[in-house]
Amino acid sequence: MPPDALRRLAHRRSFLRLAAGAAGGVGLAATARATGAVGPLEVPQWSRTPGAPVASPAYGQPSLFERLGRRPRTPPHFPGAASTGTPLQHLHGIITPNGLHFERHHAGVPAIEPDRHRLAIHGLVERPLVLTLNDLLRMPAVSRIHFLECSGNTPWLGAKPSWTLQESHGLLSCSEWTGVELSTLLDEVGVKPGAAWILAEGADASGMSRSLPLDLARDGAILAYAQNGERLRPEQGYPLRLFVPGVEGNLSVKWLRRLKVGDQPFQTREETAKYTDLMPDGTARQFTFVMEAKSVITTPSGGERLGEPGFREIRGLAWTGRGRIARVEVSTDGGARWQAATLEGPVLPRCLTRFRLPWRWEGGPAQLLSRATDETGYVQPDRAALVAVRGTQSFYHNNATFGWQVAADGGVSHAG
Ligand SMILES: Nc1nc2c(c(=O)[nH]1)N[C@H]1C(S)=C(S)[C@@H](COP(=O)(O)O)O[C@H]1N2
Ligand SMILES: [Mo]
(Lines give C-alpha, C1' and ligand atoms only; values in the text may rest on other atoms or scores of the structure.)
(Ligands and ions follow the chains in the order given, each with its own letter.)
Protein backbone atom coordinates (compact mmCIF):
# COMPACT_ATOMS: atom_id res chain seq x y z
CA MET A 1 0.00 0.00 0.00
CA PRO A 2 1.40 3.47 -0.76
CA PRO A 3 2.41 5.46 2.34
CA ASP A 4 -0.44 7.93 1.91
CA ALA A 5 -3.06 5.20 1.87
CA LEU A 6 -1.42 3.59 4.94
CA ARG A 7 -1.52 6.86 6.78
CA ARG A 8 -5.20 7.39 5.90
CA LEU A 9 -6.02 3.87 7.12
CA ALA A 10 -4.12 4.42 10.38
CA HIS A 11 -5.89 7.71 10.81
CA ARG A 12 -9.29 6.10 10.29
CA ARG A 13 -8.46 3.24 12.70
CA SER A 14 -7.27 5.58 15.41
CA PHE A 15 -10.38 7.67 14.94
CA LEU A 16 -12.53 4.57 15.42
CA ARG A 17 -10.57 3.54 18.46
CA LEU A 18 -10.82 7.01 19.92
CA ALA A 19 -14.59 6.94 19.36
CA ALA A 20 -14.67 3.54 21.06
CA GLY A 21 -12.64 5.07 23.88
CA ALA A 22 -15.72 6.38 25.57
CA ALA A 23 -17.04 2.83 25.79
CA GLY A 24 -13.92 1.41 27.41
CA GLY A 25 -10.82 1.92 25.25
CA VAL A 26 -8.54 4.76 26.18
CA GLY A 27 -7.99 6.45 22.82
CA LEU A 28 -4.23 5.92 22.83
CA ALA A 29 -4.27 5.41 19.06
CA ALA A 30 -4.88 9.12 18.81
CA THR A 31 -1.63 9.69 20.67
CA ALA A 32 0.20 7.28 18.34
CA ARG A 33 -1.13 9.24 15.37
CA ALA A 34 0.04 12.46 16.96
CA THR A 35 3.60 11.17 17.28
CA GLY A 36 3.50 9.87 13.68
CA ALA A 37 4.12 6.24 14.63
CA VAL A 38 3.17 4.89 11.22
CA GLY A 39 5.37 3.12 8.69
CA PRO A 40 8.61 1.12 9.08
CA LEU A 41 10.50 1.51 12.34
CA GLU A 42 13.90 3.13 12.38
CA VAL A 43 16.90 0.77 12.75
CA PRO A 44 19.20 2.85 14.97
CA GLN A 45 22.89 2.29 15.70
CA TRP A 46 22.20 0.30 18.87
CA SER A 47 20.36 -2.34 16.83
CA ARG A 48 23.26 -2.76 14.40
CA THR A 49 26.23 -3.36 16.71
CA PRO A 50 26.66 -5.51 19.86
CA GLY A 51 26.06 -3.71 23.14
CA ALA A 52 28.23 -3.22 26.22
CA PRO A 53 29.87 -6.28 27.82
CA VAL A 54 28.47 -7.87 30.97
CA ALA A 55 29.42 -6.64 34.45
CA SER A 56 30.23 -3.10 33.40
CA PRO A 57 29.86 -1.87 36.05
CA ALA A 58 29.76 -4.90 38.37
CA TYR A 59 27.03 -3.22 40.43
CA GLY A 60 24.41 -2.17 37.89
CA GLN A 61 23.25 1.40 37.49
CA PRO A 62 20.05 2.88 36.05
CA SER A 63 20.02 3.87 32.40
CA LEU A 64 21.91 7.06 31.59
CA PHE A 65 18.54 8.42 30.53
CA GLU A 66 16.97 7.70 33.93
CA ARG A 67 19.10 9.40 36.53
CA LEU A 68 16.80 10.16 39.42
CA GLY A 69 18.06 11.62 42.65
CA ARG A 70 17.11 12.40 46.22
CA ARG A 71 16.93 16.09 47.03
CA PRO A 72 17.55 17.94 50.27
CA ARG A 73 14.12 18.57 51.75
CA THR A 74 15.02 21.44 54.04
CA PRO A 75 17.98 23.80 54.11
CA PRO A 76 20.13 22.15 56.81
CA HIS A 77 21.07 24.24 59.83
CA PHE A 78 24.22 22.22 59.99
CA PRO A 79 25.14 19.73 57.32
CA GLY A 80 24.86 16.53 59.37
CA ALA A 81 21.26 17.18 60.43
CA ALA A 82 19.35 17.01 57.22
CA SER A 83 16.84 15.10 55.21
CA THR A 84 16.40 14.15 51.58
CA GLY A 85 13.17 13.19 49.84
CA THR A 86 12.32 10.27 47.58
CA PRO A 87 11.23 11.38 44.07
CA LEU A 88 7.88 9.58 44.43
CA GLN A 89 6.47 11.27 41.33
CA HIS A 90 8.97 9.38 39.14
CA LEU A 91 8.64 5.93 40.72
CA HIS A 92 6.47 2.95 39.81
CA GLY A 93 4.95 0.16 41.87
CA ILE A 94 5.45 0.21 45.62
CA ILE A 95 9.14 -0.58 46.23
CA THR A 96 11.61 2.29 46.63
CA PRO A 97 14.97 1.57 45.00
CA ASN A 98 17.64 1.55 47.70
CA GLY A 99 19.55 4.50 46.25
CA LEU A 100 16.39 6.61 46.42
CA HIS A 101 15.21 5.79 49.96
CA PHE A 102 14.60 9.04 51.81
CA GLU A 103 17.10 10.04 54.48
CA ARG A 104 16.79 11.74 57.82
CA HIS A 105 19.94 12.03 59.89
CA HIS A 106 20.44 13.91 63.13
CA ALA A 107 24.23 13.80 62.92
CA GLY A 108 25.20 12.56 59.48
CA VAL A 109 25.86 8.99 58.33
CA PRO A 110 28.42 7.13 60.45
CA ALA A 111 30.90 4.80 58.71
CA ILE A 112 30.47 1.72 60.90
CA GLU A 113 32.75 -1.28 60.55
CA PRO A 114 30.38 -4.25 60.74
CA ASP A 115 32.88 -6.53 62.52
CA ARG A 116 33.30 -4.00 65.33
CA HIS A 117 29.61 -3.22 65.70
CA ARG A 118 27.78 -4.70 68.69
CA LEU A 119 24.19 -4.82 69.86
CA ALA A 120 23.69 -4.89 73.63
CA ILE A 121 20.39 -5.86 75.23
CA HIS A 122 20.08 -5.33 78.97
CA GLY A 123 17.91 -3.86 81.72
CA LEU A 124 14.92 -5.86 82.94
CA VAL A 125 16.01 -9.10 81.29
CA GLU A 126 17.07 -12.50 82.67
CA ARG A 127 20.10 -12.96 80.40
CA PRO A 128 21.69 -9.71 79.13
CA LEU A 129 23.52 -10.20 75.84
CA VAL A 130 26.02 -8.50 73.57
CA LEU A 131 25.59 -9.68 70.00
CA THR A 132 27.73 -9.42 66.90
CA LEU A 133 26.20 -9.10 63.49
CA ASN A 134 27.12 -12.71 62.78
CA ASP A 135 25.13 -13.79 65.85
CA LEU A 136 22.09 -12.01 64.41
CA LEU A 137 22.61 -13.42 60.93
CA ARG A 138 22.36 -16.95 62.36
CA MET A 139 19.04 -16.32 64.07
CA PRO A 140 15.62 -17.01 62.45
CA ALA A 141 14.92 -14.24 59.90
CA VAL A 142 11.79 -12.60 58.51
CA SER A 143 11.33 -10.44 55.37
CA ARG A 144 8.42 -7.99 55.24
CA ILE A 145 7.42 -5.16 52.94
CA HIS A 146 6.55 -1.99 54.86
CA PHE A 147 6.51 1.74 54.33
CA LEU A 148 8.64 4.10 56.38
CA GLU A 149 7.44 7.67 56.78
CA CYS A 150 8.85 10.49 58.87
CA SER A 151 6.02 11.98 60.91
CA GLY A 152 7.41 15.39 59.89
CA ASN A 153 6.58 14.58 56.25
CA THR A 154 4.15 17.14 54.74
CA PRO A 155 4.48 20.30 56.85
CA TRP A 156 1.58 21.06 59.14
CA LEU A 157 1.06 24.54 57.74
CA GLY A 158 0.79 23.15 54.26
CA ALA A 159 2.98 22.81 51.22
CA LYS A 160 3.83 25.66 48.88
CA PRO A 161 1.90 25.72 45.57
CA SER A 162 5.14 25.28 43.62
CA TRP A 163 6.28 22.18 45.49
CA THR A 164 6.72 18.85 43.80
CA LEU A 165 5.59 15.62 45.44
CA GLN A 166 9.21 15.00 46.43
CA GLU A 167 9.05 18.18 48.48
CA SER A 168 5.59 17.67 49.98
CA HIS A 169 5.62 13.89 50.63
CA GLY A 170 9.18 12.70 49.92
CA LEU A 171 9.95 11.56 53.49
CA LEU A 172 8.18 8.32 52.58
CA SER A 173 9.66 5.13 51.16
CA CYS A 174 8.78 1.44 51.08
CA SER A 175 11.12 -1.55 51.19
CA GLU A 176 11.33 -5.21 51.96
CA TRP A 177 13.10 -5.34 55.32
CA THR A 178 14.92 -8.49 56.44
CA GLY A 179 16.20 -9.31 59.89
CA VAL A 180 15.39 -10.86 63.24
CA GLU A 181 12.06 -10.14 64.86
CA LEU A 182 12.60 -8.18 68.05
CA SER A 183 10.24 -10.58 69.82
CA THR A 184 12.61 -13.46 68.96
CA LEU A 185 15.44 -11.64 70.73
CA LEU A 186 13.20 -10.69 73.68
CA ASP A 187 12.32 -14.36 74.13
CA GLU A 188 16.02 -15.21 73.97
CA VAL A 189 16.97 -12.83 76.78
CA GLY A 190 13.81 -13.39 78.85
CA VAL A 191 11.90 -10.25 79.82
CA LYS A 192 11.48 -9.78 83.59
CA PRO A 193 8.13 -9.08 85.27
CA GLY A 194 7.30 -5.36 85.25
CA ALA A 195 9.01 -4.75 81.92
CA ALA A 196 6.90 -2.39 79.80
CA TRP A 197 9.17 -0.18 77.65
CA ILE A 198 12.33 -0.59 75.61
CA LEU A 199 14.93 2.07 74.91
CA ALA A 200 16.55 1.81 71.48
CA GLU A 201 19.78 3.74 70.95
CA GLY A 202 21.76 4.48 67.79
CA ALA A 203 25.55 4.44 67.35
CA ASP A 204 25.62 7.69 65.36
CA ALA A 205 27.06 10.87 66.87
CA SER A 206 23.53 12.03 67.82
CA GLY A 207 23.10 8.88 69.90
CA MET A 208 19.48 9.10 68.85
CA SER A 209 17.20 7.14 71.13
CA ARG A 210 13.52 6.40 71.56
CA SER A 211 11.34 4.42 73.97
CA LEU A 212 8.90 1.93 72.58
CA PRO A 213 6.22 0.09 74.49
CA LEU A 214 6.74 -3.65 74.83
CA ASP A 215 3.53 -4.48 72.96
CA LEU A 216 4.68 -2.38 69.99
CA ALA A 217 8.09 -4.04 70.16
CA ARG A 218 6.35 -7.41 69.86
CA ASP A 219 4.07 -6.26 67.03
CA GLY A 220 6.31 -7.07 64.09
CA ALA A 221 9.35 -4.91 64.90
CA ILE A 222 12.48 -6.15 63.13
CA LEU A 223 16.20 -5.88 63.87
CA ALA A 224 16.88 -5.28 60.19
CA TYR A 225 20.18 -5.87 58.43
CA ALA A 226 18.90 -6.01 54.85
CA GLN A 227 16.69 -3.92 52.60
CA ASN A 228 15.32 -5.03 49.23
CA GLY A 229 17.58 -8.05 49.12
CA GLU A 230 20.93 -6.45 49.94
CA ARG A 231 22.52 -5.33 53.18
CA LEU A 232 21.30 -1.99 54.49
CA ARG A 233 22.64 1.13 52.86
CA PRO A 234 24.78 3.28 55.20
CA GLU A 235 22.08 5.99 55.04
CA GLN A 236 19.47 3.49 56.22
CA GLY A 237 21.44 2.37 59.27
CA TYR A 238 24.15 -0.06 58.13
CA PRO A 239 24.86 -2.53 59.55
CA LEU A 240 21.76 -2.76 61.79
CA ARG A 241 18.60 -0.76 62.39
CA LEU A 242 15.44 -1.20 64.31
CA PHE A 243 12.45 -1.22 61.98
CA VAL A 244 9.07 -0.65 63.63
CA PRO A 245 6.28 -0.97 61.04
CA GLY A 246 3.33 1.42 60.86
CA VAL A 247 4.66 4.08 63.23
CA GLU A 248 6.56 7.33 62.83
CA GLY A 249 9.97 6.83 61.23
CA ASN A 250 11.77 8.25 64.24
CA LEU A 251 11.17 5.00 66.18
CA SER A 252 13.10 3.00 63.60
CA VAL A 253 16.45 3.75 65.22
CA LYS A 254 19.31 3.40 62.76
CA TRP A 255 22.81 2.12 63.49
CA LEU A 256 21.22 0.31 66.44
CA ARG A 257 23.63 -0.51 69.25
CA ARG A 258 21.63 -0.83 72.44
CA LEU A 259 18.26 -1.99 73.71
CA LYS A 260 17.41 -1.46 77.35
CA VAL A 261 14.26 -2.95 78.83
CA GLY A 262 12.59 -0.86 81.55
CA ASP A 263 9.31 -0.38 83.38
CA GLN A 264 8.55 3.10 82.00
CA PRO A 265 9.43 5.36 79.08
CA PHE A 266 12.93 6.80 79.18
CA GLN A 267 11.83 10.39 78.22
CA THR A 268 14.56 10.99 75.67
CA ARG A 269 14.93 14.27 73.78
CA GLU A 270 13.15 12.80 70.75
CA GLU A 271 10.00 12.12 72.79
CA THR A 272 9.96 15.26 74.93
CA ALA A 273 11.38 18.28 73.05
CA LYS A 274 10.56 16.71 69.68
CA TYR A 275 7.96 14.32 68.22
CA THR A 276 5.17 15.55 70.47
CA ASP A 277 2.01 17.25 69.20
CA LEU A 278 1.04 20.63 70.62
CA MET A 279 -2.75 20.77 70.90
CA PRO A 280 -4.97 23.88 70.73
CA ASP A 281 -5.43 23.89 74.55
CA GLY A 282 -1.67 24.13 75.07
CA THR A 283 -1.14 20.53 76.20
CA ALA A 284 1.16 18.27 74.22
CA ARG A 285 0.37 14.76 73.09
CA GLN A 286 3.26 12.40 73.64
CA PHE A 287 3.94 8.97 72.07
CA THR A 288 1.62 9.50 69.11
CA PHE A 289 3.23 6.66 67.24
CA VAL A 290 0.85 5.39 64.59
CA MET A 291 0.84 6.76 61.05
CA GLU A 292 -2.84 7.07 60.18
CA ALA A 293 -4.32 6.49 56.75
CA LYS A 294 -2.97 8.85 54.10
CA SER A 295 -2.87 8.98 50.33
CA VAL A 296 -1.57 11.22 47.59
CA ILE A 297 -1.80 11.37 43.82
CA THR A 298 1.62 10.85 42.29
CA THR A 299 0.60 11.30 38.62
CA PRO A 300 -0.17 14.00 37.65
CA SER A 301 1.51 16.00 40.38
CA GLY A 302 3.20 19.31 41.17
CA GLY A 303 5.58 20.75 38.62
CA GLU A 304 4.23 18.60 35.78
CA ARG A 305 2.68 20.13 32.68
CA LEU A 306 0.05 18.06 30.93
CA GLY A 307 0.48 18.10 27.19
CA GLU A 308 -2.46 17.28 24.98
CA PRO A 309 -5.92 16.79 26.39
CA GLY A 310 -7.07 13.17 26.32
CA PHE A 311 -6.61 9.99 28.27
CA ARG A 312 -4.27 9.72 31.20
CA GLU A 313 -4.29 7.46 34.20
CA ILE A 314 -4.44 9.11 37.61
CA ARG A 315 -2.06 7.17 39.85
CA GLY A 316 -1.17 7.42 43.49
CA LEU A 317 -0.11 5.80 46.72
CA ALA A 318 -2.07 5.06 49.89
CA TRP A 319 -0.85 3.71 53.22
CA THR A 320 -1.86 3.23 56.82
CA GLY A 321 -0.09 2.18 59.99
CA ARG A 322 -3.25 0.39 61.12
CA GLY A 323 -3.20 -2.52 58.70
CA ARG A 324 -4.39 -2.59 55.13
CA ILE A 325 -5.85 0.07 52.87
CA ALA A 326 -9.49 -0.82 52.17
CA ARG A 327 -10.51 1.86 49.68
CA VAL A 328 -9.23 4.92 47.86
CA GLU A 329 -11.52 7.47 46.25
CA VAL A 330 -10.43 10.07 43.75
CA SER A 331 -12.06 13.37 42.87
CA THR A 332 -11.23 15.47 39.80
CA ASP A 333 -13.48 18.38 40.81
CA GLY A 334 -12.13 19.39 44.20
CA GLY A 335 -14.19 16.96 46.22
CA ALA A 336 -17.70 17.48 44.80
CA ARG A 337 -17.83 13.94 43.42
CA TRP A 338 -15.71 10.94 44.32
CA GLN A 339 -14.98 7.78 42.32
CA ALA A 340 -13.56 4.50 43.61
CA ALA A 341 -9.99 3.92 42.39
CA THR A 342 -8.62 0.46 41.57
CA LEU A 343 -6.19 -0.87 44.19
CA GLU A 344 -3.20 -2.67 42.73
CA GLY A 345 -2.54 -5.85 44.70
CA PRO A 346 -1.18 -7.37 46.72
CA VAL A 347 -2.58 -5.02 49.34
CA LEU A 348 -0.22 -5.62 52.27
CA PRO A 349 -0.54 -4.42 55.86
CA ARG A 350 1.44 -1.31 56.82
CA CYS A 351 2.67 -1.07 53.25
CA LEU A 352 2.27 1.32 50.33
CA THR A 353 -0.67 0.44 48.08
CA ARG A 354 -0.85 1.81 44.56
CA PHE A 355 -4.15 3.03 43.19
CA ARG A 356 -5.24 4.15 39.76
CA LEU A 357 -8.21 5.63 37.98
CA PRO A 358 -8.73 6.23 34.24
CA TRP A 359 -9.27 9.89 33.43
CA ARG A 360 -9.80 12.09 30.40
CA TRP A 361 -8.33 15.53 30.80
CA GLU A 362 -10.59 17.74 28.73
CA GLY A 363 -8.14 20.62 28.67
CA GLY A 364 -9.80 22.80 31.33
CA PRO A 365 -9.01 23.34 35.01
CA ALA A 366 -9.38 20.34 37.32
CA GLN A 367 -8.73 19.78 40.98
CA LEU A 368 -7.42 16.33 41.82
CA LEU A 369 -7.79 14.82 45.29
CA SER A 370 -7.49 11.35 46.80
CA ARG A 371 -8.94 9.99 50.04
CA ALA A 372 -7.96 6.71 51.67
CA THR A 373 -9.96 4.50 54.02
CA ASP A 374 -8.22 1.76 55.98
CA GLU A 375 -9.51 -1.60 57.13
CA THR A 376 -10.50 -0.20 60.53
CA GLY A 377 -12.95 2.13 58.72
CA TYR A 378 -10.84 5.23 59.45
CA VAL A 379 -11.16 7.80 56.64
CA GLN A 380 -8.31 10.18 55.75
CA PRO A 381 -9.48 13.63 56.91
CA ASP A 382 -9.36 16.82 54.90
CA ARG A 383 -7.25 19.65 56.23
CA ALA A 384 -10.16 21.49 57.85
CA ALA A 385 -11.19 18.38 59.80
CA LEU A 386 -7.62 17.81 60.97
CA VAL A 387 -7.14 21.43 62.07
CA ALA A 388 -10.52 21.38 63.86
CA VAL A 389 -9.11 18.73 66.21
CA ARG A 390 -5.41 19.51 66.29
CA GLY A 391 -5.24 23.27 65.76
CA THR A 392 -2.41 25.02 63.95
CA GLN A 393 0.47 24.58 66.42
CA SER A 394 1.20 20.98 65.49
CA PHE A 395 4.16 19.88 63.42
CA TYR A 396 4.00 16.11 63.03
CA HIS A 397 1.41 13.66 61.69
CA ASN A 398 -0.22 15.67 58.91
CA ASN A 399 -2.20 13.01 57.02
CA ALA A 400 -4.72 15.37 55.40
CA THR A 401 -5.98 14.91 51.86
CA PHE A 402 -3.77 16.76 49.40
CA GLY A 403 -4.91 18.48 46.20
CA TRP A 404 -3.29 19.14 42.87
CA GLN A 405 -4.72 21.94 40.75
CA VAL A 406 -4.52 21.42 37.00
CA ALA A 407 -4.66 24.79 35.25
CA ALA A 408 -6.25 25.31 31.84
CA ASP A 409 -2.74 25.37 30.31
CA GLY A 410 -1.99 21.95 31.88
CA GLY A 411 0.33 23.25 34.61
CA VAL A 412 0.00 21.31 37.89
CA SER A 413 0.48 22.92 41.31
CA HIS A 414 -0.58 22.21 44.89
CA ALA A 415 -3.89 23.68 46.06
CA GLY A 416 -6.44 22.43 48.57
N1 LIG B 1 20.36 6.64 65.05
C2 LIG B 1 19.46 7.36 64.35
N3 LIG B 1 18.29 6.78 64.02
C4 LIG B 1 17.36 7.46 63.32
C5 LIG B 1 17.57 8.82 62.95
C6 LIG B 1 18.84 9.40 63.29
O7 LIG B 1 19.14 10.55 62.97
N8 LIG B 1 19.76 8.64 64.00
N9 LIG B 1 16.57 9.51 62.31
C10 LIG B 1 15.21 9.01 62.54
C11 LIG B 1 14.17 9.64 61.75
S12 LIG B 1 13.57 11.12 62.31
C13 LIG B 1 13.58 8.99 60.70
S14 LIG B 1 12.23 9.64 59.93
C15 LIG B 1 14.11 7.70 60.19
C16 LIG B 1 14.56 7.88 58.76
O17 LIG B 1 15.09 6.70 58.24
P18 LIG B 1 15.84 6.69 56.85
O19 LIG B 1 16.93 7.75 56.89
O20 LIG B 1 16.33 5.31 56.65
O21 LIG B 1 14.81 7.08 55.82
O22 LIG B 1 15.20 7.24 60.94
C23 LIG B 1 15.13 7.50 62.33
N24 LIG B 1 16.20 6.83 63.00
MO1 LIG C 1 11.62 11.59 61.22
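Me: Where does N228 lie in the fold?
Reply: In this predicted model, N228 is in the loop that links strand 10 (222-227) with strand 11 (230-231).

Me: OK, on to prolines. Which residue is joined to P57 by a cis peptide bond?
Reply: That's S56, and omega for the S56 and P57 bond is about 0°.

Me: And where is the place of P57?
Reply: P57 is in a loop too, the one between helix 2 (28-34) and strand 1 (71-72).

Me: What about P300, which residue does the cis peptide bond join it to?
Reply: T299 is the partner there, with omega at about -5°. P300 belongs to the loop running between strand 16 (294-299) and strand 17 (310-319).

Me: Switching to the ligand. Which residues come nearest to ligand 1?
Reply: The ones that come nearest are F102, H106, D204, R241 and K254, out of 21 residues around ligand 1.

Me: How do the residues of that shell divide into nonpolar, polar and charged?
Reply: Seven are nonpolar, eight are polar and six are charged.

Me: Which strand gives the largest share of the shell?
Reply: Strand 3 (residues 103-105) does, with three residues.

Me: How far is the side chain of H106 from an oxygen atom of ligand 1?
Reply: An N or O atom in the H106 side chain is 2.6 Å from a ligand 1 oxygen. For K254, an N or O atom of the side chain is 2.5 Å from an oxygen atom of ligand 1. Q236 has a polar side-chain atom 3.0 Å from a ligand oxygen as well.

Me: How much of ligand 1 does the protein bury?
Reply: The protein buries 100% of the 530 Å² that ligand 1 exposes when taken alone.

Me: Where does ligand 1 sit, then?
Reply: Ligand 1 sits in the largest cavity.

Me: How many bridges join strand 22 to strand 23?
Reply: Three, between residues 366-374 of strand 22 and residues 404-406 of strand 23, and the two run antiparallel. As an example to click on, L368 has W404 in strand 23 as its bridge partner.

Me: Now strand 4. In what sense does it pair with strand 5, parallel or antiparallel?
Reply: Antiparallel, over three bridges, with strand 4 covering residues 119-123 and strand 5 covering residues 129-131. Strand 4 and strand 5 form a hairpin, and five residues lie between them.

Me: And how does strand 4 pair with strand 13, parallel or antiparallel?
Reply: Strand 4 and strand 13 (residues 256-262) are parallel, with four bridges.

Me: I121 is in there. Which residue is its bridge partner in strand 5?
Reply: L129 is the bridge partner of I121 in strand 5.

Me: Which one is it in strand 13?
Reply: In strand 13, I121 has L259 as its bridge partner.

Technical notes. Residues are numbered from 1 along each chain as its sequence is written. Chains are lettered from A and ligands numbered from 1 in the order in which they are written. This is a predicted model: local features need pLDDT of at least 70, side-chain atom pairs count only at pLDDT 80 or more; totals for chains, interfaces and linings use all residues. Side-chain values use heavy atoms; hydrogens and water are left out. A residue is near a molecule or strand if one of its heavy atoms lies within 4 Å of it. A polar contact is a pair of N or O atoms within 3.5 Å; within protein, one must be able to donate a hydrogen and the other to accept it, and residues adjacent in sequence count only if both atoms are side-chain atoms. Accessible areas come from the Shrake-Rupley method with a 1.4 Å probe; for residues, only the protein chains shown count as cover. On a 1 Å grid over the protein atoms alone, a cavity is a set of points where a 1.4 Å probe fits but cannot get out, and a pocket is an open set with protein on both sides within 12 Å along at least five of seven lines; lining residues have an atom within 4 Å of a point. A molecule sits in a cavity or pocket if more than half of its atoms lie within 2 Å of its grid points. Ala, Val, Leu, Ile, Met, Phe, Trp, Tyr, Cys and Pro count as nonpolar, Asp, Glu, Lys and Arg as charged, and the others, Gly among them, as polar. Two strands pair if DSSP finds at least two bridges between them.
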